[in-house]
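Trainee: Could we go through this structure together? I would like to start with a term I keep meeting, namely "pocket".

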Amino acid sequence: TIDELTAEIRAFRDARDWKQFHNPKDLAISITLEAAELLEHFQWKTPGEVEAFLAKEENRGRLGEEMADILILLVSLADAVGVDLLQAARAKLRENAAKYPVDRAKGSARKYDELAS
């Protein structure tokens, strides 16, 4: 669960005395930096090259490591600011469902305010 993961992350952080570095600003910055590292794996690749890249297990492993870094930092940030990530994600899904009704959004990449009524 998210609560169990949060506890594991806290224990890891606290064993190293890193809480002093885990303020909301620095965690948010770190999420962005790690997201950029994830993006580097796709930069300048054509769709075919991305497909070939993803076909290799070791590359998917590298992506998993970057995604794990982002998840750990995101959970840490949520913990630091008191946000329930599961509740926030579910609320956002409900909000997006209202903005992007299936009958208007299905198969479209348009933003909600550009969808035909």
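Mentor: A pocket is an open set of grid points with protein on both sides within 12 Å along at least five of seven lines. Please keep in mind that this is a predicted model.

Trainee: What is the volume of the largest pocket?

Mentor: The largest pocket has a volume of about 180 Å³.

Trainee: Which residues line the largest pocket?

Mentor: The lining consists of Ile2, Asp3, Thr6, Arg10, Val75, Ala78, Asp79, Val83, Asp84, Leu85 and Leu86. By class, 6 of the lining residues are nonpolar, 1 is polar and 4 are charged.

Trainee: Which helices do they come from?

Mentor: At least two lining residues come from each of α1, α4 and α5 (85-99). The greatest share is that of α1, with 4 residues.

Trainee: Let us stay with α1, then. How far apart are its end C-alpha atoms?

Mentor: They are 20 Å apart.

Trainee: Which residues of α1 are buried?

Mentor: Thr6, Ile9 and Arg13 are buried in α1. Viewed down the axis of α1, the buried residues fall within an arc of 65°, so they line one face of the helix.

Trainee: What covers them?

Mentor: The cover over the buried residues of α1 includes α4 (57-81).

Trainee: And which residues are exposed on the other side of α1?

Mentor: Glu4, Glu8 and Ala15 are exposed there.

Trainee: Which residues line the largest cavity?

Mentor: Its lining is made of Thr6, Ile9, Arg10, Arg13, Val75, Ser76 and Asp79. Two or more of these residues come from each of α1 and α4. Helix α1 gives the most to this lining, with 4 residues.

Trainee: How does that lining divide by class?

Mentor: There are 2 nonpolar, 2 polar and 3 charged residues in the lining of the largest cavity.

Trainee: Now to the backbone. What happens just after α1?

Mentor: Asp17 takes a positive phi of about 55° there. Asp17 lies in the loop between α1 and α2 (24-40).

Trainee: Why is a positive phi worth a remark?

Mentor: Most residues other than glycine have a negative phi. Asp17 is a residue other than glycine, yet its phi is positive.

Trainee: Where is Trp44, and what is its phi?

Mentor: Trp44 sits in the loop between α2 and α3 (47-54). Its phi is near 70°, again a positive value in a residue other than glycine.

Trainee: Is Trp44 buried or exposed?

Mentor: Trp44 is exposed, because its relative accessible area is 77% and the cut-off for exposed is over 50%.

Trainee: Back to the loop between α1 and α2. What does Lys19 touch there?

Mentor: Lys19 is in that loop. Leaving aside residues up to four places away in sequence, Lys19 touches Arg13 and Asp14. Lys19 has a relative accessible area of 55% and is therefore exposed.

Trainee: How far is Lys19 from Ser76?

Mentor: Along the chain they are 57 residues apart, while their C-alpha atoms are separated by 9.8 Å.

Trainee: Where is Ala28, and is it buried, partly exposed or exposed?

Mentor: Ala28 is in helix α2. With a relative accessible area of 34%, Ala28 is partly exposed. From Ala28 to Ala80 there are 52 residues in sequence and 11 Å in space, C-alpha to C-alpha.

Methods
Residues numbered from 1 in each chain as written. Predicted model: local features only at pLDDT ≥ 70, side-chain atom pairs only at ≥ 80, totals over all residues. Heavy atoms only, no water. Expected span 1.5 Å × (residues − 1). Buried < 20%, exposed > 50% of the residue type's maximum accessible area, 1.4 Å probe, protein only. Arc of directions from axis to C-beta. Contact = heavy atoms within 4.5 Å. 1 Å grid on protein atoms, 1.4 Å probe; cavity = no way out; pocket = protein on both sides within 12 Å on 5 of 7 lines; lining within 4 Å. Points joined across faces, edges and corners; volume = space filled by probe spheres on them. Nonpolar A, V, L, I, M, F, W, Y, C, P; charged D, E, K, R; others polar.
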